[in-house]
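Hello,

Here is the structure I promised to pass on. Please open it first, then read my notes below.

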Amino acid sequence: KFLSVDSSKSVGSTDILGTTNNFKNSEHEESSIDISGDGSLYDTALVFDSDDTFEEGTFGSVSSGLFYMMPIDVTSDTLQAGAGTAVRLEHRTADGQTLYFYSPHLLKPGIKHSERPPSPWGNSKERGSKICFSSEFSSLDVLRVQPLSDKDSEQLSYFISKIPLFKLYAYRWHASALGGNPVPGDLTEPVVSQCMDLLHMLKKSPPPARHGGSVTENMREAQMTGPEPFAQFHAGAANPIFQKMCLELKLLDSVFDATVAPYNYNNLVGKGKVFQGLSHAENFKSVQMFLYVVVQCLVRDNLAIQKYVTDKYSRVWILEKPKVTPATIEDISDSDGEETEPKAKLIKKYVLCKDLIIEHGTDSLGATVTLGQLLKSSEAIIQRLVDNDLMLRFKHLVSSIGPELRFINLFNAICFIEGRPSRPSQEM
């Protein structure tokens, strides 16, 4: 994929960022961004390839992906002191116009952006920060570039190399649900091996590998151990620099998406309990526990990443069966007049990760331990997570499953924040 700018159509003028309805936050307050002038604002998209048959300047045209990195004088008073190495990303159109990179993730939270025109390959818009190009320069139109040492590059390359396997594991579950392909039993050992490798890399003081690093023995241990003691086996302070790399490279997202994938499979094929009736079921459970342990390591003692996880959305697939009414019976009948089952629709939803973690807590595979890891971190996270709905869901879990250690630890994490009693949580 590469970044493409649609310079054939402006989505507004730069002064709308501070003055009109298109770019207001959820409380309908004006944004604080100040860009003077009457320049135009242009949308962007990620596209898979360029095509010389597309009209000049449109998404996916050859010229739409040509950008230039221009140095910025960091001594300028338009930039904050100590900005470090900074560059401006420019896009030059065929008619000689220059567009400057603009990053609205610096705006207030909750900004409502205009809809992007569809790309030739469908909707390539993804959740997260939106970027665009402005024909007016702003002090915010900068990319700050950090020079990397050989060691830094090697570490980043290491973490990037881990993403494809997690994505493949999640994709194989989805493909299996849609097309009847086999579930990814052949990937269980490679995924566990990669999780073990990551856990060793992420820790400040990595302990000796358990069971001599044997993947088979570690999977067996996961199958025979509850999620709480299993998490303790792999506890330990994580390297905050490596945690930040995994966050910014979206490795954390890939790991979490892999934990959600089997549940999406269940939603689509109408199965009951996750992994029930599948071959390699015990191996899949081992993978799930290792994936959650990696998530726990990535969020441990890191408030910024904990906030990211509590606010993050994850994609969920469900099958929605249409309601059948007398008026639609004729539409769902076959050629012999026999009634046929109406076709279910594949629906994509985005759900808060915290809600998915709670929902998956019915299975003793590490979700509740991960939630406990978040809850015992700080009062700021407690305020983000804990409400009456959460407490009722906990109560339901305890009533239906029993007072297991993982649930007791969750209540303890809610009622005692950083070692001190929390009266509001206790009263709730």
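Start at Asp 301. This residue comes just after helix α8 and takes a positive phi of about 55°. Bear in mind that the model is predicted.

Now step back into α8 itself. The helix covers residues 281-299.

Take α7 first. This helix spans residues 251-269, and its axis lies 10 Å from that of α8. The angle between α7 and α8 is about 150°. That is over 145°, the cut-off for roughly antiparallel, so α7 and α8 count as roughly antiparallel to each other. The crossing of α7 past α8 is left-handed. On the α7 side, the contact uses Leu 252, Val 255, Ala 258, Thr 259, Pro 262 and Tyr 263. On the α8 side, they meet Gln 288, Leu 291, Tyr 292, Val 294, Val 295 and Leu 298. By class, this contact of α7 with α8 has 10 nonpolar residues, 2 polar ones and no charged ones.

Next comes α11, residues 367-375. The axes of α8 and α11 come within 9 Å and cross at roughly 5°. Angles under 35° count as roughly parallel, so α8 and α11 are roughly parallel to each other. From α8, the residues in contact are Tyr 292, Val 295, Gln 296 and Val 299. From α11, they are Ala 367, Val 369, Thr 370, Gln 373 and Leu 374. The contact of α8 with α11 divides into 6 nonpolar and 3 polar residues, with no charged ones.

Finally, the loops. Where does Lys 250 lie? It sits in the loop between α6 (240-248) and α7. Phi of Lys 250 is near 70°, a positive value in a residue other than glycine. Lys 250 is partly exposed, with a relative accessible area of 43%.

His 280 lies in the loop between α7 and α8. Its phi is positive too, at about 65°, although His 280 is not a glycine. His 280 is partly exposed, with a relative accessible area of 42%.

Best wishes

Technical notes
Residues numbered from 1 in each chain as written. Predicted model: local features only at pLDDT ≥ 70, side-chain atom pairs only at ≥ 80, totals over all residues. Heavy atoms only, no water. Axes fitted to C-alpha atoms, helices over the stretch in contact; angles between N-to-C directions. Helix = DSSP H or I, 4+ residues; strand = E, 2+ residues; numbered from the N terminus. Parallel < 35°, antiparallel > 145°, perpendicular 65-115°, else oblique. Left-handed = near helix turned anticlockwise from the far one by under 90°. Contact = heavy atoms within 4.5 Å. Nonpolar A, V, L, I, M, F, W, Y, C, P; charged D, E, K, R; others polar. Buried < 20%, exposed > 50% of the residue type's maximum accessible area, 1.4 Å probe, protein only.
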